[in-house]
Amino acid sequence: MTQAPPAPVTEAPVLGAPVDRIDGTAKTTGQARYAAEFDHPGLVHAALVCATVPRARLVGIDTADALAHPGVLTVLTHENAPTMRKSPSPGLPDISTMATATSVTYLNTDEVHWNGQPVAVVVATTSDAAKEAAALVRPSYEPLPATVDFQAALPDARPQKRNPFSPAGGAKGDAEAALATAPVSVDLTFTTPMHHHNAIEPHATTAVWHGDRLTVHECTQTIDWTRRRLAHVFGVPVADVRVLAEFVGGGFGGKGYLWPGTVLAVLAARVTERPVRLALSREEVYRTVGGRTPSTQRVALGSTVDGKLTALVHTSITQLGRIGGWPEQVTSQSRHLYDAEHVLLRQRQVELDALSTTTMRAPGESIGTYALESAVDELAHRLGMDPIELRMRNEPDRNPLGGTRFSHRRLREAYALGAERFGWAERSPEPGSMRDGRWLVGWGVASAYHPAQMFPANVTVRLFADGTVLLRSAFHETGMGQPTTQAQIVAHELGVPFEAVRVEHGDTALPTGPPAGGSMQTASLAASVRAACADLRRSVHGLARRSGSVVGRQRPADLVARDGGLFGPDGGETYAAILSRAGQSRVDAKVGSDTGLGRVTGQLRFAARMVRDGMRWVRASTGAQFCEVRVDPDTGEVRVTRWVGAFDIGTVVNAKTATSQLRGGIVMGIGLALSEETLVDPRTGRIMNPNLSGYHVPVHADVPELDVAFVGDPDPTMPLGVLGAGEVGITGVGGAVANAVFHATGRRVYDLPITLDKLL
Amino acid sequence: MKDFAYVAAPDVATAVRAAADAPGARFLAGGTNLVDLMRQHVERPDTVVDISRLPLTSVEETKSGGLRIGALMRNSDLAAHPLVRTRYPMLTQALLAGASAQLRNMATVGGNLLQRTRCPYFYDRATPCHKREPGTGCAAVGGFNRSHAILGTSASCVATHPSDMCVALAALDAVVEVEDVRGTRRIPLADLHRLPGDTPHLETTLAPDELITSVELPAPAAAPSRYRKVRDRASFAFALVSVAAALEVTDGTVAAVRLALGGVAPKPWRAVEAERVLTGAPATEESFRAAADAELAPAVTLDGNEFKVELARRTIVATLRDLAREGSRA
Ligand SMILES: Cc1cc2nc3c(=O)[nH]c(=O)nc-3n(C[C@H](O)[C@H](O)[C@H](O)COP(=O)(O)OP(=O)(O)OC[C@H]3O[C@@H](n4cnc5c(N)ncnc54)[C@H](O)[C@@H]3O)c2cc1C
Ligand code: SF4
């Protein structure tokens, strides 16, 4: 039966409404529990001992004092830890291998690969005892030669490894030649430092074994991948591993993979046969969870005198650990933003004796847009042209590389909207020409860009006889408000009140959901939720037909879902009425299968769609970032004083949570621009500011009111028209701030963060 | 954190007795620095004497027209105290420029005076540090030293004293009152902290069991004053450079000046040389610059902190310029 199901009412106010989070009260009252807050009878605590040298062989490890410490149950080291299996390197077809963070078999090796690698784990009856005993463990190292200085290693850069989610370089024409002959050109080098995520919740694991069955409360953005990796490492069936993460206190990419703490907590529980909690300190997060790669980038632009780009060159060098890492797609946005005649994009990498680098909010674009958009601003300055005008003159109709169509593109509209709200027309173009008292004032602008993709998502939607609905899917709530938005989508699709929808998520016992990564969760789920709801409406219509409801006598196409039921020209009935007449207590609809075969076909279908969609359309969230800074002419202190971000994220499902996502991105971008920098000692590879005192995220006083506006135009190729909102907000921010600083001072800073010493 | 004996002292006599009886004991006030260092295993005392309940939390006027401030007074209470706000606005500004509201609610005057450096290597047991472990070396030289000192340093240590409050106290000629089982004594603030020399682990002139009981401020001067802090973000960051200044100008000439610097030295830095150059000089930008240059002439810089010389110069000049303007308006 392929008859069209009854349609939802498209104008239903629940979609797009700024609905409060359904879990807001649970979170603010402490009822929402996070991974380190689950108690189990007999729970004990683990603490890590981390290496203090970059590369070495362990020649001994003295655990006597630690073992003698009161409360200590055991100290696991490479000398006594049971063997675990090595997790395969990331690659297809099994997408869960993406979660393999490093190639190291922790505690099954005497080799130290990075400064911070766990070399022992202490288990004790209290967390304090475990931590103190960890300080008493004395490893002895035989140092091995190590390469830990990114800058020094640059000459050894090699072509970047590929990854299905991280596009490689690209070329069109002969960009270097076009550059050499361009009437106007810029050729600039930029550097960005390492960054860390600093989610408010440090990583934590609570692990419980019942025989060979494992339950893990984990703060993760990928519960299914985590489950599969753990099953592999510990050699147990996937079905016997359950991973729960109902609430996660922020991830930003830092909780996407299986970092050593998780493995070692599970190992400790296995060995001690006790439930084990390992809650990392902030410092341990820095030492054992990767950060964003540092980069050095070259952007060269050539143009005609009236600002038509003839050449665009963007190259990058980033860092991997020898043991793994994320190939940062630094030139990603440069494939799509400007219609240059000749293009050359090239990404290279160096491998260091360091922890794997990893994804961090908009990997690639967040630092790539800083360099690209600074260079565009510089070109506009040299051309004597308004920087928005320059961008509009080079706005492409089709993707500049390959000519693929855009699924839709609203960057012009975003600029128009942002410029209006910001008052851009009032800008005086000359650098240093705007002042407020003693402050130098600068206005800068930059483009935001983040690709839109989807993961497979299994869901079930269950309609009860009382008219309430339950959505079940193992997706993630890491702070973005996903249960709320998905409940809105269900309410919209079934025409039921928002309050009638309950959502279960964050548990591998549920249908497998998408990872919370790549800004893909909302759209991935929306596709499946819509399909399930359509299926459900079809089933209800069938029930209505069989039980003699007025609904069943009308054609599905004439029915709309509203007011808790289906209604047509000849009248309608609530779901409750239909189900009760039919004597049904509930109706289920399901998308996707969690059987082995179902999973394989799901992944194949997913891969095929990814390839097919990629050939048909270039899809992305875009935006225009407008920034005002004030710079103290005496001290070089920079303060961001005004912000407007105008975004095209397709359909806005929840105006409140979407705005929060974008604001959060902008705040993180302000940190990237002005203050964030992981200090890696070039002599030892040791992170020297592994805390929130030394790593400067923006504080409240650094962030002005952030005006976020939406173009609000659905993408015709995405489910419900939804594009991603999680990452586009951080992109362009570094460029907008740097450009505003240039406008204020006449000084362009090529090296993030823009600290005051660079402006003296 | 290592297990330790805990003594809660109801009065000063018990506190100093407990400290005298247990060599290596530490006083616990707000704990915002000590507990962090214990968690980092940098401080490992066998005994902790909790002084947070000592009745040393008041501000009293002295006969000479100054104030006596109890050593256990919270930073936030001190900043908000009407007599401090009106008579020593520079001190209120300095306190409010420090840390965060939550930390200021915990931090005490005594703890703020004795807080330890924020040199990252000092906090990390995996790196050499003469201050933490004499004789091991100094990882900051040749490492990250952007936040480090340019004045008063030695070959063995280049760390700063990180306090904001102390910079204002240095400018105000505060006197610290201390007590131990042997009795009491008064130490001018300028003599409380030591320069590192060959012994960077010895940071003050206090005996290990001496308790700070109060801080005395002399009568306030009428001159306009200001605390200006320059840092890497708008709030909740330690000073790269800070300036506490009071400037009295009569007929275009500097009649009196007090100037102290933070973020540039191992101790709160009274800018004696700059004061000498300024006193009696015309209150002009040139004099301010000359004074700053004189003070900063002996600066020794490292790879990362060279900018501090220029930043300190500019901040001194800008602060004095503002004060001169304010004074001429009054
Ligand atoms: C994240 C962070 C940011 C900060 N930012 C700033 C800043 O910007 N500016 C700034 O100035 N400070 C800053 N601080 C430091 C803060 O001001 C100090 O930690 C605080 O003042 C210490 O006071 P306390 O009472 O908590 O001291 P405690 O931690 O209790 O003690 C500190 C030391 O003083 C000793 N001690 C305390 N009281 C006495 C006494 N009465 N007699 C003898 N010895 C005593 C203790 O034994 C210990 O050695 C920051 C701290 C943190 C953690
Ligand atoms: S500057 Fe001082 S505190 Fe810092 S590492 Fe060197 S000796 Fe230690």
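Select chain B and chain A together: between them they bury about 2800 Å², 53% of it on carbon and sulfur atoms. Buried area here is the accessible area (1.4 Å probe) that two parts lose on being put together, summed over both. The model is predicted, so local features need pLDDT of at least 70 and side-chain atom pairs count only at pLDDT 80 or more, while totals for chains, interfaces and linings use all residues. Residues are numbered from 1 along each chain as its sequence is written, chains are lettered from A and ligands numbered from 1 in the order in which they are written, and side-chain values use heavy atoms, with hydrogens and water left out.

**Stop 1: the interface of chains B and A**

Colour the contact residues, taking contact as heavy atoms within 4.5 Å. Chain B gives 37 residues and chain A gives 36. Now show Phe144(B), Arg233(B) and Arg314(B), which supply 24% of the area that chain B buries against chain A, more than any other three residues.

Seven salt bridges cross this interface. A salt bridge is a side-chain nitrogen of Lys or Arg within 4 Å of a carboxyl oxygen of Asp or Glu. For one example, select Asp124(B) and Arg686(A), whose closest N and O atoms are 2.5 Å apart.

On the chain B side, switch to the cartoon and pick out helix H8 (120-123), strand S9 (225-230) and helix H13 (307-329), the elements that give two or more residues to the side touching chain A. Helices (H or I, at least four residues) and strands (E, at least two) are DSSP runs, numbered from the N terminus. H13(B) gives the largest share of that side, six residues. The chain B side divides into 16 nonpolar, seven polar and 14 charged residues. In these classes Ala, Val, Leu, Ile, Met, Phe, Trp, Tyr, Cys and Pro count as nonpolar, Asp, Glu, Lys and Arg as charged, and the others, Gly among them, as polar.

**Stop 2: the ligands**

Select ligand 1 and its shell of 32 residues; the closest are Phe27(B), Gly31(B), Thr32(B), Thr108(B) and Asp164(B). A residue belongs to such a shell if one of its heavy atoms lies within 4 Å of the molecule. A polar side-chain atom of Thr108(B) is 2.7 Å from an oxygen atom of ligand 1. A backbone N or O atom of Gly30(B) is 2.8 Å from an oxygen atom of the ligand. For Ile212(B), a backbone N or O atom lies 2.9 Å from a nitrogen atom of ligand 1.

Move to ligand 2, which is surrounded by 14 residues, the closest being Cys119(B), Cys129(B), Cys138(B), Cys157(B) and Val158(B). This shell consists of 10 nonpolar residues, three polar and one charged.

**Stop 3: the domains of chain A**

Colour chain A by domain: domain 1 is 388-452 + 619-760 and domain 2 is 455-596. These bounds come from an automatic or database domain assignment. The two C-alpha centres lie 38 Å apart.

Select Val653(A), Pro719(A) and Leu720(A), which supply 45% of the area that domain 1 buries against domain 2, more than any other three residues. Zero salt bridges are found across this domain interface, and three residue pairs are in polar contact.

**Stop 4: local details in chain A**

Go to Asp224(A) and Arg228(A), whose side chains meet in a salt bridge (3.1 Å, N to O). The pair is separated by about one helical turn because the two are four residues apart in helix H6 (residues 223-234) of chain A.

Next, select Leu752(A) and Pro753(A), joined by a cis peptide bond with omega about -5 degrees. Pro753(A) is in the segment after helix H17 (733-745).

Finish at Ser519(A), which has a positive phi of about 55 degrees although it is not a glycine. Ser519(A) is in the loop between strand S23 (501-504) and helix H13 (521-547) of chain A.

Terms used: Polar contact = N/O pair within 3.5 Å; in protein donor to acceptor, adjacent residues only side chain to side chain.
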